Amino acid sequence: MAEGLGPSGDVTTERLVRPGSDDVERAAEAALRPRRFDEFVGQVVVRDQLSLVLQAALGRGKAPDHVLLSGPPGLGKTTLAMIIAAELGTPMRVTSGPAIQHAGDLAAVLSSLEEGEVLFLDEIHRLARPAAELLYVAMEDFRVDVVVGKGAGASAIPLALPPFTVVGATTRAGLLPAPLRDRFGFTGHLDFYSVAELERVLVRSAGLLHVELFPDAGYEIASRSRGTPRIANRLLRRVRDWAQVRGDGRLDLVAANAALTVYEVDALGLDRLDRSVLTALCVRFAGGPVGLTTLAVAVGEEPETVETVAEPFLVREGLVGRTPRGRVAMPAAWEHLGLTPPVTGPTLFG
Ligand SMILES: Nc1ncnc2c1ncn2[C@@H]1O[C@H](COP(=O)(O)OP(=O)(O)O)[C@@H](O)[C@H]1O
Ligand SMILES: [Mg+2]
C-alpha cells in the first residue's frame with residue numbers, strides 16, 4: 001500500500017483529481033480531447049521530441065521506449081498518452097497507481113498485454129513499492145515473476161512478456177523511486193500554457209461545441225485559466241451556460257465576464273482554493289514561512305492537493321515562494337488580495 005493511502009485509497013485520489021473531473025466532466029472532456037499530435041496545442045518541445053521517438057520506433061517496427069509524462073493536473077498527460085497509442089496504431093490499456101492494490105494485480109495486467117501494446121499508468125507515483133519493483137523488472141527485462149503458492153513453499157515462475165510500452169503519468173515525478181524513473185527512456189515535462197495557446201485550445205473547443213466564441217471573450221477566458229487547458233475548457237462550458245441562460249447564446253465579452261464573476265474566478269484566474277491558500281498564508285501566518293502540512297490543514301485540504309494543484313501556479317505567478325523553511329507570501333500576493341504587507345524591520349518613517 002502506498003504511503004498515505006488508506007485502504008479506501010480513493011478518498012485521496014478523488015481529492016487529487018478534484019479540479020479535474022467528476023463523471024459528467026470526464027465525458028465533456030473526452031469530447032474535446034485532441035486525438036492526434038496535430039490537434040494538440042502547444043508543448044512544442046515535448047511534442048516534437050515525442051513524435052521523433054514514435055516515428056523512429058515505427059520505422060524500426062519495434063515498441064518505443066517507455067515514456068514518462070510529468071506536470072500539474074490538466075495539462076494534457078492523459079491526452080498525450082492516448083495520442084501515443086493512436087500514433088502507434090495500438091490499443092491502450094489504462095490503469096493507475098492507486099487502482100493497483102497488490103503487485104499481483106499488476107502482474108495480471110502485464111501478463112495479459114499483447115505485443116506492442118501501450119500500458120498507461122496514471123498517477124504512477126502512487127504505485128505501492130512491491131508493484132513498482134515488479135514494474136521495473138517488467139519494463140527492463142520484459143518478464144514478470146509469477147509467485148505460486150504461499151510461505152516457505154512459494155516459488156517464482158518467470159514469465160516472458162512481449163515487448164510493450166509503458167506510458168506513466170505523474171504530478172510528482174520527484175516521488176518516483178529512482179530505479180523506476182531510470183527505466184523510462186523518455187521523460188517529458190509538461191508546462192503551463194501561454195494565454196495565446198489557451199486561446200487556440202478554446203477556439204478548437206468552441207468549434208467542437210458548435211458555439212460562437214468572440215475573440216475578446218476567448219482572450220478573457222484564456223487569461224483566467226491558470227495556464228491549464230482543462231480549466232480553459234471548463235470555463236468555456238460555464239460561459240456557454242451563462243450565455244444560454246442569461247444572455248443571447250453568444251459567447252461574447254459580457255458573457256465571459258459575467259460567468260467568471262458568478263463562478264468566482266478572479267482576474268488572475270485564481271479560484272477558491274488558490275485564494276484560500278493565499279489568504280491563509282498572508283493573514284493567518286503573517287506571510288510565512290509556514291510548512292506545507294500546516295498550510296494544508298489551515299485550508300482544509302490534503303497537503304498533496306495544495307502542493308500539486310494550487311502551488312505550482314501560485315509559485316509561477318510569483319505569488320508564493322518556496323524556501324527551505326516553508327512557503328512564504330510574495331509581495332504580489334498581498335497586492336492581489338488587496339492587503340498591505342506587514343512592515344518588518346525599521347522603516348523610513350520610523
Ligand atoms: N495541448 C492540448 N491541446 C488541446 N486540448 C488539450 C491539450 N492538453 C489538454 N487538453 C484538454 O484538457 C483536458 C485535460 O487534459 P488531460 O490530458 O486529461 O490532462 P492531465 O492528464 O494532464 O490531467 C483534455 O480533455 C483536453 O481536452
Ligand atoms: Mg490525466
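Author: Domain 1 (10-189) and domain 2 (195-262) both contribute residues to the shell around ligand 1, so the ligand lies between them. Keep in mind that this is a predicted model.

Reader: Into which domains is the protein divided?

Author: There is domain 1 (10-189), then domain 2 (195-262), then domain 3 (272-337). The C-alpha centres of domain 2 and domain 3 are 28 Å apart.

Reader: How do I read the shell? Which residues come nearest to ligand 1?

Author: Start with the nearest residues, then go to the elements. Glu29, Gly76, Lys77, Thr78 and Thr79 come nearest, out of 21 residues around ligand 1. Two or more shell residues come from each of α2 (23-32), α4 (77-88) and α10 (229-245).

Reader: What classes do the shell residues around ligand 1 divide into?

Author: The shell has 9 nonpolar, 8 polar and 4 charged residues.

Reader: What does UniProt list for residues 63-196?

Author: The record is an unreviewed entry, and it gives "domain: AAA+ ATPase" for that range. In the model, residues 63-196 are 31% helix and 27% strand.

Reader: Now a helix pair. At what angle do the axes of α12 and α14 cross?

Author: Angles of 65 to 115 degrees count as roughly perpendicular. Helix α12 (residues 272-284) and helix α14 (residues 303-316) have axes that cross at roughly 75° and come within 10 Å. That makes the two helices roughly perpendicular.

Reader: Which residues of α12 and α14 meet?

Author: From α12, Leu273, Asp274, Val277 and Leu278. They meet Val306, Val309, Ala310 and Leu314 of α14. By class, this contact has 7 nonpolar residues, 1 charged and no polar ones.

Reader: On to the backbone. Which residues does a cis peptide bond join?

Author: For a peptide bond, read omega. The cis bond joins Gly288 and Pro289, with omega about 5°. Pro289 sits in the loop between α12 and α13 (292-299).

Notes: Residues numbered from 1 in each chain as written. Chains lettered and ligands numbered in written order. Predicted model: local features only at pLDDT ≥ 70, side-chain atom pairs only at ≥ 80, totals over all residues. UniProt positions renumbered as here; feature names shortened; annotations may be inferred. Helix = DSSP H or I, 4+ residues; strand = E, 2+ residues; numbered from the N terminus. Axes fitted to C-alpha atoms, helices over the stretch in contact; angles between N-to-C directions. Parallel < 35°, antiparallel > 145°, perpendicular 65-115°, else oblique. Contact = placed C-beta atoms within 7 Å. Nonpolar A, V, L, I, M, F, W, Y, C, P; charged D, E, K, R; others polar. Near = placed C-beta within 6 Å. Domains from an automatic or database assignment.
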